[in-house]
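I open my notebook to record what I looked up, entry by entry, with the structure at my side.

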Amino acid sequence: MVKPSDIFQCQMCGDCCRGYGGTFVNEREIQRISEYLKTDTKTFLSDYCTLSGGRPLIKTSESGYCIFWDKVCTIHKVKPRMCRVWPFIEAILIDPSNWSVIKSMCPGIRTDVSAKELTACVRQVLQEYEREERELFKPST
Ligand code: SF4
Ligand code: SF4
């Protein structure tokens, strides 16, 4: 069985952290990143986010990269969902040919994989993400 790590190995090039785009943050992520930065959520939203369609999005710096990119992701431990699951995103489940589109932006991707194997990998990564989130936010007994 093909594993996600068989078809994707991050090359740390930072290309997916460049450009204005999809790094939205939800309430949990805002809380988590604010705590990691030792700041409050209001300051985090004003200093590190901008609004797009009414939703908070992490800002880009003048260099064109995400404000948290500095040769590595400086909030790696608490980075948002999109960054954690990337490049195994829902768009692949909708249309597996999106994998080839992402390949043109991401040198860590292998495309010699069937659509069936690919979608199984995407489902696995998304399920692992959900499981980790549940663990993290499990009510304490
Ligand atoms: S573009 Fe791909 S290889 Fe480069 S940092 Fe992003 S995920 Fe890693
Ligand atoms: S939060 Fe980290 S991984 Fe996500 S775009 Fe910014 S620098 Fe890249």
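**Entry 1, the strands.** I began with leucine 51, which stands opposite proline 56 in strand 2. I kept in mind that the model is a predicted one. Strand 1, which covers residues 49–52, runs antiparallel to strand 2, and I noted 4 bridges that join the two. I then looked at how the chain gets from one to the other, and found that strand 1 and strand 2 form a hairpin with 2 residues between them. In the turn, glycine 53 has a positive phi of about 60°.

Which residues make up the largest nonpolar core? I listed 12 of them, namely Cys16, Cys17, Val25, Ile33, Phe44, Tyr48, Cys49, Ile58, Cys66, Phe68, Ile75 and Trp86. I went back to isoleucine 33 to see what it touches, leaving aside residues up to four places away in sequence, and I wrote down Val25, Phe44, Ile75 and Val78.

**Entry 3, the ligands.** Around ligand 1 I found Cys10, Gln11, Met12, Cys13, Gly14, Asp15, Cys16, Trp86, Cys106, Pro107 and Gly108. Sorted by class, the shell of ligand 1 holds 7 nonpolar, 3 polar and 1 charged residues. For ligand 2 I wrote down Cys17, Thr23, Ile58, Cys66, Phe68, Trp69, Cys73, Ile75, Lys79 and Cys83 as the residues around it. The shell of ligand 2 divides into 8 nonpolar, 1 polar and 1 charged.

Is valine 72 buried or exposed? I put it down as exposed, because it has 11 C-beta neighbours inside 10 Å and a residue with 12 or fewer is counted that way. Valine 72 sits in the loop between strand 2 (55–58) and helix 4 (81–85). From valine 72 I went to lysine 59, which is 13 residues apart from it in sequence, and the C-alpha to C-alpha separation in space is 16 Å.

Finally I looked up how lysine 116 lies relative to glutamine 31: they are 85 residues apart along the chain, and their C-alpha atoms are separated by 36 Å.

Notes. Residues are numbered from 1 along each chain as its sequence is written. Chains are lettered from A and ligands numbered from 1 in the order in which they are written. This is a predicted model: local features need pLDDT of at least 70, side-chain atom pairs count only at pLDDT 80 or more; totals for chains, interfaces and linings use all residues. A residue is near a molecule or strand if its C-beta atom, placed from the backbone, lies within 6 Å of it. Ala, Val, Leu, Ile, Met, Phe, Trp, Tyr, Cys and Pro count as nonpolar, Asp, Glu, Lys and Arg as charged, and the others, Gly among them, as polar. A residue is buried if 20 or more other C-beta atoms lie within 10 Å of its own, exposed if 12 or fewer, and partly exposed in between; C-beta atoms are placed from the backbone. A nonpolar core is a set of buried Ala, Val, Leu, Ile, Met, Phe, Trp, Tyr and Cys residues joined through C-beta atoms within 7 Å. Two residues are in contact if their C-beta atoms, placed from the backbone, lie within 7 Å. Two strands pair if DSSP finds at least two bridges between them.
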